[in-house]
Amino acid sequence: MQFHHHGYVSGDPRRKPAAGTGIDRPEEVPDEIDVLVVGGGPAGMLLMAQLAQFPSVVTRLIERRPGRLEIGQADGIQARSVETFQAFGFAEQIIQEAYHLTVMNFWTPDKADPAKIVRTQRTVDDAQGISEFPHLIVNQARVLDYFAEVAADSPARVTPDYGLEFVTLEVADEGEYPVAVTLQYTDGPRAGEQRVVHAKYVVGCDGARSRVRDAIGCTYVGEVAQHAWGVMDVLAVTDFPDIRSKCAIQSQAGSILHIPREGGFLFRMYVDLGEVPEGDNGAVRRTSLESIIAKANAILNPYTLDVKDVAWHSVYEVGHRVTDRFDDVEAGSDREPHVFIAGDACHTHSAKAGQGMNVSMQDGFNLGWKLGQVLEGRSPGSVLSTYSAERQVIAQNLIDFDKQWSSLMAKKPEEFDSPEELGDFYVRTAEFPAGFMTQYPPSLLIGEATFQHLAEGFPIGKRFRSAPVMRVADAVPIHLGHHARADGRWRIYAFAPQTQAGQRSALDEWATWLAESTESPLARFTPVGADRDSVFDVKVIYPVPHDEVALETVPQVFLPRVGPFQLIDYEKVYATDPADEIFDLRGIDRGAGAVVVVRPDQYVATVLPLTATEELTEFFARFLLPQSAPALAV
């Protein structure tokens, strides 16, 4: 964490000074808003936290509840989400309070006595080591609390507006604030009162029954499977030996997906209630808690479950649906979008793959920085069309995966080819539910794979996979990606080629061009008067141990001066960690080096040679607006 560059900080450095719209922020929702976020779930709260980093943007989030969520339905936190928490600065705190999933055990009928279950497999949760971050279980309410804290401590000082719900909206063809939104107070002395506000953009994060989705005419594509599950968070006494391990349990009486919860005592069970008959008309949803507990005991035979307390329970039918689009632009139209939907408002699926909250947060992460850059005048509005294009495909991939997983969980034991079939599928597909199979195709924001061979371990379109490095200035080991924050900046990682001592390399020439040329991205796209690293966070990684890098020979573009005192930032120069050599781990070409460009949401945008200076500027010129800045001094 870096601070003091704007003066001595004596308090919590995570609480940034208020700026722009965060100074004297009005308590009442104003009549004119840049971004109105509807719904305080995972997608909405992350979106609010991201936009709070843009102090010139007026952001408001409305939530019909009178206050914070106390008991959340979602609880699974995949490793990709923990990476995201790291970018927002609270990964360490939430890791400490969460339950860590390290194994997945599988139970099937005992061949000697099929009426009873036995353990048949133990699998490691992340056998491939796809992330340095753990797989967690923590209440959704706590995740929302952390994002709320980030937003409140950010320059724009954004906090949720509770007790307000969305009624409807209309989008005008023109005007600075083209979206007229009707709101209604649900709590307090104004309960029942309606008012109209005007917004530049509206984002519906208002769940599976989204009114925003209905208002813009988006329709679901998909179906509801005729299979029901009861879910309960309970405190219980049991002789089931794996009660503190994640388990998939298949028995003659049905199936259970068992998930331990944070705190050491609470756990969740998804209990198979069987096929839903035709004409049920939702009757299965009225299944009593007592019936769910009885079914769980039947499935667990010969073990018993004595439930002492129930924190929450529900019944649901598995649905696999995704909307036809994620914004208000109908097919064939070339206008820019002004209304978006995210999270459950645009994709629904079973809860058993642990994807709902995770994918919803990535929706918000994808859209948030794009809105911020457009509203700050850094990017044209056309960038916003990439949100629906990118995220709808990901949602459909999720639906396809969840259909496989939920259908396997619902199968009867005798329908499997072998007792290991379910466990083998879980291990084989681990990278997808962990959140690391997302790969955006070439587009306005994603380059072609022409020079992918220079950095094979950073696939273009996939998330930037961090690796250990050593900071040169103070010999501190750090994961390279962990230094990146959700601040809306683009990351440019320059991997230096191997050179002989005293030899001028392609890196030196590239660094000189980046700092001095009027055609470099720093010169063309950094606002006049702003810090040199306000738009681009440029770092260098040398292919040698840190004690072989002389800091005084490092090009000055990697030692920028920041803040009102123009202090030198020493945290952009890195060397290899001898124990985990990043050039080998990520397949970096040692002879040529490479430039790896990473988007503000942590996805690799392009890979280029150090000699491709013109191509680098041309790439950014596709989606960044010139800022009329002169060449920046070093």
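Select strand S1 (residues 32–38) and strand S11 (residues 194–204). S1 and S11 pair in the parallel sense, over six bridges. Strands here are DSSP E runs of at least two residues, helices are H or I runs of at least four, and both are numbered from the N terminus. Two strands pair if DSSP finds at least two bridges between them. Pick Val35: its bridge partner in S11 is Tyr201.

This is a predicted model, in which local features need pLDDT of at least 70 and side-chain atom pairs count only at pLDDT 80 or more, while totals for chains, interfaces and linings use all residues. Residues are numbered from 1 along each chain as its sequence is written, and side-chain values use heavy atoms, leaving out hydrogens and water.

Val37 has Leu61 as its bridge partner in S2. Now show helix H1 (residues 42–51): with S1 and S2, H1 makes a right-handed β-α-β unit. Right-handed means that, with the strands pointing away from the viewer, the path from the first strand over the helix to the second runs clockwise.

Is S1 mostly covered or uncovered? Mostly covered: six of its seven residues are buried. Buried means under 20% relative accessible area, exposed over 50%, and partly exposed in between, with a 1.4 Å probe and protein chains only.

Next, an open sheet. Select S3, S7 and S4, which lie in that order with antiparallel pairing. Strand S3 (76–77) and strand S4 (99–101) are the edges, each pairing on one side only. S4 meets strand S7 (residues 135–137) over three antiparallel bridges. Leu101 has His135 as its bridge partner in S7.

Move to the largest nonpolar core, with 121 residues. Such a core is a set of buried Ala, Val, Leu, Ile, Met, Phe, Trp, Tyr and Cys residues joined through side-chain atoms within 4.5 Å. Trp510, Phe558 and Phe620 touch the most other members. Helix H4 (residues 140–152) gives the most to this core: eight residues. Centre on Phe558. Beyond four places in sequence, its contacts (heavy atoms within 4.5 Å) include Trp510, Val538 and Asp569.

Now the aromatic rings. There are 26 aromatic pairs. Rings of Phe, Tyr and Trp (its six-membered ring) pair if their centres lie within 6.5 Å; planes under 30 degrees apart count as stacked, over 60 as edge-to-face and the rest as tilted. Show Phe340 and Tyr387: they are edge-to-face, 6.0 Å centre to centre, with 80° between the planes. Phe340 lies in strand S17 (residues 339–341) and Tyr387 in helix H8 (residues 385–410), so the pair ties together parts 47 residues apart in sequence. Both Phe340 and Tyr387 are buried.

Jump to Phe620 and Phe623. Their ring centres are 5.9 Å apart and their planes at 70°, so this pair is edge-to-face. Phe620 and Phe623 are buried too. Then select Phe85, Phe88, Phe90, Tyr146, Phe147 and Phe365, a cluster linked by ring pairs.

Look for charges over rings (NZ of Lys or CZ of Arg within 6 Å of the ring centre and within 35 degrees of the ring normal). Arg321 has its charged end over the ring of Tyr220, 4.2 Å from the centre. Arg463 lies over the face of Phe436, at 3.8 Å from the ring centre.

Last stop: Thr576, in strand S25 (residues 573–576). Thr576 counts as buried because its relative accessibility is 4%. Leaving out residues up to four places away in sequence, Thr576 touches several residues, among them Met470, Tyr542 and Phe583.
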